[in-house]
Amino acid sequence: MRELVEVGRGGPNQARFERDVIWDTMLSRLSQLELGDHSLCFGRIDRHAIDGPEPEPEGDHADLARDNGGNGGHAEEQFYIGRLAVSDSRQEPVVVDWRAPVAEPFYRATGREPMGLLRRRHFATRGRELLDIEDEFFGEAALELDDGGVTGHGALMSALEESRTGKLSDIVATIQGEQDEVIRSELPGVLVVQGGPGTGKTVVALHRAAYLLYTHRFPLEGQGVLVVGPNRLFLGYIDQVLPSLGEAGVELAVLGDLLAPAVRVQGYDPPAVGRVKGDLRMTKLVAKAVRDRERPLRCDLALGYGLQTLRFTVDQSLEIVTEARRRFRSHNAARRFVEERFFDVLAASGRGQVDPKTLRERTRRTLEIRKALEWMWPVLSPAQLLHDLFGSPALLALAAGRHLDASELTLLYRPRAARADDVVWTRQDVPLLDEARARLGPRPAHREEDELRTYGHIVIDEAQDLSPMELRVLKRRSLNGSMTIVGDIAQATGAWAHEDWESILEHLPDRRPPRRAELTIGYRVPGPSMELAARVLREAAPDLRPPRSIREEGDNPVITPAVHASLAHTVAGEVQRELEALSSGTLAVIAPESLVADTEAALEAAGVDFGHADRHGLEHQVTLVPVGLVKGLELDACIVVEPAAILTEEAQGPRALYVALTRATKRLGIVHAEALPPVLAEPLG
């Protein structure tokens, strides 16, 4: 391929540029065609021909028709559905992209609404190996064959029984009707998707991103599509889905990745601090903090210049500051104006003709001038502003005014570091840094570094935990108000856990009325585990209903009592027992933060090969996961440690326990030394 675009020695710059563009385009297309071990084709639809009797197929298509029994003399047409579109030498479709309009009946047709189908065929595969073929027929027997619920039941159950690998897989071959409605929903406006555990809301949102890029390639490819997740463990878990669908250009990020300029973000503030930092009152605090750095001089300035003394008064500095505030929307954008007016006024105080430009060149680096300008109107980065603010009780009190009380200011205070660049910020600081960036604007010498990136469509997962300030960050990144918001109110566990979607939507773009969808069928969690978790849900969120599980059968949860002194060792023993029963697949040990260290030591002592939940995802068969990080993950087996501690330690204890109990796709275990919560102590059935 390189020879096809090589221009040889001495070619013009234009030819070299065109060569590079062609080469990059070919590489991009090859990356889109890379399917790895995934099968290309996973289904077929036979339908009534739309334009009357179809012509007799020729060549390869004739062979396909004979292999499938011909058309029986009826006006029928067939389409094979796959991950990517493939055409023959005559540009006739051999495989249709799953996102194409013609493929929609493959996912949406039911016995009552056949959408023109005569037959739907599913190919059950493992990698590139064909395991089974399942046919669904439509027509006179439709009502007997299909109740309008789950489609492709055999292929779906086969996919659900597959062992997990530590990475989320796509569901392109087994998308269900209610999921497809979400995926193919229109682009404009905000779409809210409520879905309980195991309904596939995360993977549906990712398939929606791939569908929108296919359907609206222009302009979304240029504008960009952003997927925002709650933490880096989650991003590592989902990072293979979009590439497997042929879309490698979607940006995956946590909120801290969106900051401009970039800073170091690590860890979380305590819930009480996070509650304050997420409050919309912080917008007033930040705005006042910026305004407090726009101030007149405290005393007149006298500057020796040649044989004369130039003077600049406090009143003159006040006039300049007032004018700059009036004329400019962002702080840093006004710095040049302040400097120019400062030197104009200073030059005008001299005898004769003092040129302001010459005066500026000769004196701008002197200590007196630098101190004066930095006092009146300093150039600030968001980190510098907040570093100064949080490190000074006086500045905090001045900026807070009547908006925050003394106890809240105490929560915000932290000792100053040597430099703002040395500070490691928390996740809860991110929206404050972004608010400061909105007020300050880009620094004059760092415009490219400080430039704010916007996107044509934004997908937000686990949105139910985002504070109003965090939602403002995402609203600023939206170019046109197009968003997909995914979450489960029942799984809201953070300091800013929302009770309904209205309290979230009020902070997002409102150019169009929001649309809502709900995923009601649970595919992942076995019936016995869902029954146990549903009891906790009744305590955590009485007004919400759990999803309806299609996997009614499954292993009953195993509850193992222990004594306090040997709780961690009992957990290690249960891990070894589960590994023997599981043979392959993934296992998570979900523990409250207070028991993570003891559990880690016990697993090491027992010789269990395990990993930690970090940005690299679930790379080991066994992973120790703090309960605060397990949301959004799915594993073959889970052992939940000390439910009573989860209830007491987490900000939303019952909801956190509900999340922990709904992560396993096959086997669930509970190990406890303290008394079980009453809802877990009752027998199942």
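## Sheet, cores and aromatic contacts

Tyr 107 is buried, because its relative accessibility is 1% and the limit for burial is under 20%. This value, like those that follow, comes from a predicted model. Phe 106 is buried as well, with a relative accessible area of 1%. Together with Phe 42, the residues Phe 106 and Tyr 107 make up one aromatic cluster.

The structure contains 6 aromatic pairs. Two of them are set out below.

| Pair | Distance of ring centres | Angle of planes | Arrangement |
|---|---|---|---|
| Tyr 80 and Phe 123 | 6.5 Å | 10° | stacked |
| Phe 106 and Tyr 107 | 5.1 Å | 85° | edge-to-face |

Tyr 80 belongs to strand β2 and Phe 123 to strand β5 (residues 117-126), so this pair ties together parts that lie 43 residues apart in sequence. Both partners are buried: the relative accessible area is 14% for Tyr 80 and 13% for Phe 123.

Strands β2 and β5 are part of an open sheet of 6 strands, ordered β3-β4-β2-β1-β5-β6 and with mixed pairing. At its edges stand β3 (86-87) and β6 (129-137), each of which pairs on one side only. Within the sheet, strand β1 (residues 41-48) runs antiparallel to strand β2 (residues 76-82), and 7 bridges join the two. Opposite Glu 76 in β2 stands His 48.

The largest nonpolar core comprises 81 residues, and Ile 81, Trp 98, Val 640, Leu 661 and Leu 680 have the most contacts inside it. Helix α8 (residues 201-215) supplies the largest share of this core, with 9 residues. A second, separate core has 49 residues, among them Val 190, Leu 386, Ala 400 and Ile 460.

What does Ile 81 touch, leaving aside residues up to four places away in sequence? Its contacts include Phe 42, Phe 106 and Tyr 107, and also Cys 41, Ile 45, Val 95 and Trp 98.

Helix α18 (residues 382-390) is mostly covered, as 8 of its 9 residues are buried. These buried residues include Leu 385, Leu 386, His 387, Asp 388 and Phe 390. Among the elements that cover them are α13 (281-291), α19 (393-400), α20 (406-412) and α21 (430-440).

Two arginine residues lie over tryptophan rings. Arg 275 is placed over the face of Trp 496, 3.7 Å from the ring centre. The charged end of Arg 295 sits over the ring of Trp 375, at 3.6 Å from its centre.

Conventions: Residues numbered from 1 in each chain as written. Predicted model: local features only at pLDDT ≥ 70, side-chain atom pairs only at ≥ 80, totals over all residues. Heavy atoms only, no water. Pairing = 2+ DSSP bridges. Helix = DSSP H or I, 4+ residues; strand = E, 2+ residues; numbered from the N terminus. Core = buried A, V, L, I, M, F, W, Y, C linked by side-chain atoms within 4.5 Å. Buried < 20%, exposed > 50% of the residue type's maximum accessible area, 1.4 Å probe, protein only. Contact = heavy atoms within 4.5 Å. Phe/Tyr/Trp six-rings, centres within 6.5 Å; stacked < 30°, edge-to-face > 60°. Lys NZ or Arg CZ within 6 Å of the ring centre and 35° of its normal.
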